[in-house]
Amino acid sequence: MDTPTMIGIRSVAEDTVSLVSYFPIPFFGILPVNAFLIRAAEPVLVDTGLGALRESFLDHLRQVIGLSELRWIWLTHTDADHMGNLLPILAEAPRARIVTTYLGMGKMSLQQLPVERVYLLNPGQSLHAGDRDLLCVKPPTFDAPETTGFLDARTRMFFSADCFGALMKAPAESAGELEPEDLREGMVVWTTIDAPWLATADRRQWVRSLDRVRGLEPKGILSSHLPPAVGLDETLLRHLDSAQSAAPFMGPDQAALENLTKGVGKV
Ligand SMILES: [Fe+2]
Ligand SMILES: [Fe+2]
């Protein structure tokens, strides 16, 4: 896969679909980029996909909801792979408000994005979406301090933002389909890339943050960067934990990049 690719819509839990795409990562394979729609009484879109796939993403989104019905856009954080289509969605969804944190609002403002429709929610607080509460949770790992995930109290799915992501070799329908070693390696490398600070984090605090996920008793984990994972909590937590002592990530250098562009070393 050489270019960003929209795969389609998948049902991932009751009332919940994923808008699935993949982004090529030179040298390392591909990274899933998932947005989600929760068909709550007040519908919630979780992140807004890749700008590079704008038309396709919006077409798929319109297949699962009339955008005028959308009430919430939960922006897990302000990275480009999470808010690539925020502006056109805001334009088509006049009732929708953007769920973020104070820092998220600030970073949006720095990028000259509209902040009039933000709704500030901190970890520990809940968003009431009509027929369910979404409990705001800080995931154990993140690459931007404004990051928030949440537990859907009705489906008990944990939306974990960048956390629990994995680099992959090929698209898959579920995390359980991956070869166990590919899942472990893909998660560890992704986590060392996305959260390099983990190597220096206090061990006891880190273990406590993993225990907080256990305490949520999620039915499944919906990461922005992993196919849906049901019944794999302990496996994913173990892989995440092992990333703390993994070798730090060092990206390819200029010589490697030039070799790649000549077609040498391409994966
Ligand atoms: Fe990120
Ligand atoms: Fe991301």
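Start with the donor residues of the iron ion (ligand 1), which are spaced H-x1-D-x63-D-x18-D in sequence. Select the iron ion (ligand 1): its donors are His 77 (NE2), Asp 79 (OD), Asp 143 (OD), Asp 143 (OD) and Asp 162 (OD), at 2.1 to 2.5 Å. Donors are N, O and S atoms within 2.8 Å of the metal (3.2 Å for Na, K and Ca); water is not among the atoms, so sites may look incomplete.

This is a predicted model, in which local features need pLDDT of at least 70 and side-chain atom pairs count only at pLDDT 80 or more, while totals for chains, interfaces and linings use all residues. Residues are numbered from 1 along each chain as its sequence is written, chains are lettered from A and ligands numbered from 1 in the order in which they are written, and side-chain values use heavy atoms, leaving out hydrogens and water.

Next, select His 77 and Asp 143. His 77 lies in the loop between β5 (72-74) and α2 (86-92), and Asp 143 in the loop between β9 (133-137) and β10 (149-152), so the pair ties together parts that are 66 residues apart in sequence. Helices (H or I, at least four residues) and strands (E, at least two) are DSSP runs, numbered from the N terminus. His 77 is buried, at 0% relative accessibility, whereas Asp 143 is partly exposed, with a relative accessible area of 33%. Buried means under 20% relative accessible area, exposed over 50%, and partly exposed in between (1.4 Å probe, protein chains only).

Stay in that loop and select Thr 147, which also lies between β9 and β10. Thr 147 is buried, with a relative accessible area of 1%. Leaving aside neighbours within four places in sequence, Thr 147 is in contact with residues including His 77, Phe 142 and Ala 161; contact means heavy atoms within 4.5 Å.

Which residue coordinates both the iron ion (ligand 2) and the iron ion (ligand 1)? Asp 162 does, and the two ions are 3.3 Å apart. Now select the protein donors of the iron ion (ligand 2): Asp 81 (OD), His 82 (NE2), Asp 162 (OD) and His 225 (NE2), lying 2.1 to 2.3 Å from it. The angles among these four donor atoms run from 81 to 168 degrees, and the site is irregular. Four donors count as tetrahedral if all angles lie between 85 and 135 degrees; four count as square planar and six as octahedral if opposite donors are over 155 degrees apart and all others between 65 and 115; anything else is irregular.

Asp 162 is buried, with a relative accessible area of 2%, and His 225 is buried at 0%.

Move on to helix α4 (residues 180-194). At 1.5 Å a residue, its 15 residues should span 21 Å, and its end C-alpha atoms are 21 Å apart, which agrees. The expected span is 1.5 Å times one less than the number of residues. Among the buried residues of α4 are Leu 183, Trp 190 and Asp 194. What covers the buried residues of α4 includes β3 (29-38) and α6 (233-242).

Finish with the sheet that holds β3. Seven strands form an open sheet in the order β1-β2-β3-β4-β5-β6-β7, with mixed pairing. The edge strands, β1 (5-13) and β7 (118-120), each pair on one side only. Two strands pair if DSSP finds at least two bridges between them. Select β3 and strand β4 (residues 44-46): they pair in the antiparallel sense over three bridges. The bridge partner of Phe 36 in β4 is Val 46.
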